[in-house]
Amino acid sequence: MVSRHDVPEPVPAASTTPPARLRALQRLLAAEIDDSLPAHASAALAMVVSGGRLGSPAAGAAVYRDSSRRARARALELVYPVCRQVLGAGAFGGLAAACVAACPSRSPDLTELAAAFPPYLARWRLDPASSEPLGSDLPYLPDLARLELAFHAALFAADDLPWDADGFAAAVERGAAGQLRLRLGRSVTLLASQFPVYEIWRRHREARDTTQVPAGHGDRLVVCRQALRPRVQRVTRDAFALLRTIADGQSIAALTERGYAVEQLGGLITDGLIVGFEVADR
Amino acid sequence: MAPADRFRHGVAAGPARQLPAGAGIGLRHCHIDAVLLERPSIPWLELLADNHLADGGATLVQVDALARHYPLTLHCVGMNLAGTDPLDPDYLRRVDDLRRRSAAAWVSDHLCFTAIDGRHYHELLPFPYTESTLCHVAARVQRVQERLGMPLAVENVSSYLRFRESALTEAEFLAELSARTDCGLLLDVNNLYVNQANHGDDLDAALAALPPWRVQELHLAGFAQRDGWLLDAHAAPVAAPVWALYERVQRWLAAAGVGAVPTLIEWDNDIPELGTLRAEAARADAIAARASAVTAAVL
């Protein structure tokens, strides 16, 4: 659903307490930039601003509108290069523009705006008014976007402290290992898709043949950062389920009770996917 | 310490570094690897802080490496200094973390609002310059400075709209803001020129209003032309009339007894080879030296 400003309240007189009038003026200009002002409010804005040599205030507001939208759309281009390749620059640009118009940026960090793109794509695919050829030919696109977002997020995620081997050994020694809850790295994202998105993503990044969508039965992927670089790994159904259960906060004892092969844990720690532990509440 | 000198470095809680006077470059992602590999002779670098507000990973490792080899400053676009939403504590924390990590000589942002009602426009939006808005912005600048533990440098912006009720020019507003808050000024020469072209601003009046001893940094960039008006596009070389204005600004600073002010070449779109940026910086250095020599001879 497109979220728009409400019709701005009347601008208080110049003598009113400054923040109130300043805020009202800012809302008025912001709504004009959003292109959501009714005609009478646009006229009100024109009464309080001038465009200088740009001519009308509307021309000045259009400069800000265009620049603001381009900055936000460019952020999507940076995070979703493979989606852009798949769609083509023109179609991607259109979708990015529609996304930034529909999804206001809620943070000074443009990456947070980029997070709106995968769910926007998912809604767009389900929208009967959306472009049907794209929607029907690229059912994997929202998952591909989720993969690209996870890849980008892994690049900037907070660093983890090294695995506390001594602390873990001490817990094992006192027979408390079962009560420990393991913690995944902060760069780790678990991503399941019914489409072979890993192969699609990899072929585009490596500029390989992308004319055919590879056959496959879907992917279970782990995205993380290793040695400062984001990595994407395909994992087995069992390993994925184990990681998801750990992410849900289950203790090692609970993992054992559910039949997971806990001997896998050593490898996951070595790979940097499991980075820490804490004592589970009983 | 003379008033002009105290603004050449941050009065920081952390170990902020002093800047050399030569022209620096606004370093963008496309040049970071080359700069770290080749370590070209550039007096200082400015990072667009918003591009480096990572929680971890390679970006911060790059910042660490850059800080080992170059004096740095941080330039922000998201403080929303003239906004009416509350200041964003998380954003300021991240800027402050980066400031400490990079030992930045100072931090700057723009005289504008960027967000309202929680919606961010990622654009430098204008507001009316009045006594009442001055009180409001001054209070916010003070709070930012307290959070960062150092004076902020506030930059004049290009504008495409003006509020009719403004009782002050932007220059008068900045002068009074710096007097009330002790903030420094980042004087963007291209923005001065763009506003003269778009709004007929009086450059003599602007320079007469601004306190030269508050000017902490100068910015130079290229504009784009659209149907008889100018856009602050940062996508082209510095234009001839902006170079001319830059020389005039340098003479104005020298005549006021202000020592060399660090100048920065900004280029954010269609970014050229590093050599092109360095050539622009060398030209800025030559003009600054000439202006200083001419002024010294006259005085």
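Buried residues have under 20% relative accessible area, exposed ones over 50%, and partly exposed ones lie in between (1.4 Å probe, protein chains only). Helices (H or I, at least four residues) and strands (E, at least two) are DSSP runs numbered from the N terminus. This is a predicted model in which local features need pLDDT of at least 70, side-chain atom pairs count only at pLDDT 80 or more, and totals for chains, interfaces and linings use all residues. Residues are numbered from 1 along each chain as its sequence is written, and chains are lettered from A in the order in which they are written.

**View 1. Strand β4 of chain A and its partners.** Of the 8 residues in β4(A) (residues 219-226), 6 are buried. Strands pair if DSSP finds at least two bridges between them; β3(A) (residues 189-193) runs antiparallel to β4(A) through 5 bridges, with A:Leu190 partnered by A:Val222. On β5(A) (residues 229-234), 6 bridges to β4(A) form, again antiparallel, and A:Gln226 stands opposite A:Arg229. The hairpin of β4(A) and β5(A) has 2 residues between the strands, and A:Ala227 in the turn has a positive phi of about 50 degrees.

**View 2. Helix α4 of chain B.** Buried residues of α4(B) include B:Leu134, B:Val137, B:Val141 and B:Leu148. Just after α4(B), B:Gly149 takes a positive phi of about 70 degrees.

**View 3. Two loop residues of chain B with positive phi.** B:Asp117, in the loop between β5 (113-116) and β6 (119-125), has a phi near 55 degrees and is partly exposed at 28% relative accessibility. B:His234, in the loop between β12 (229-231) and α8 (240-255), also has a phi near 55 degrees, but counts as buried at 10%.

Conventions. Heavy atoms only, no water.
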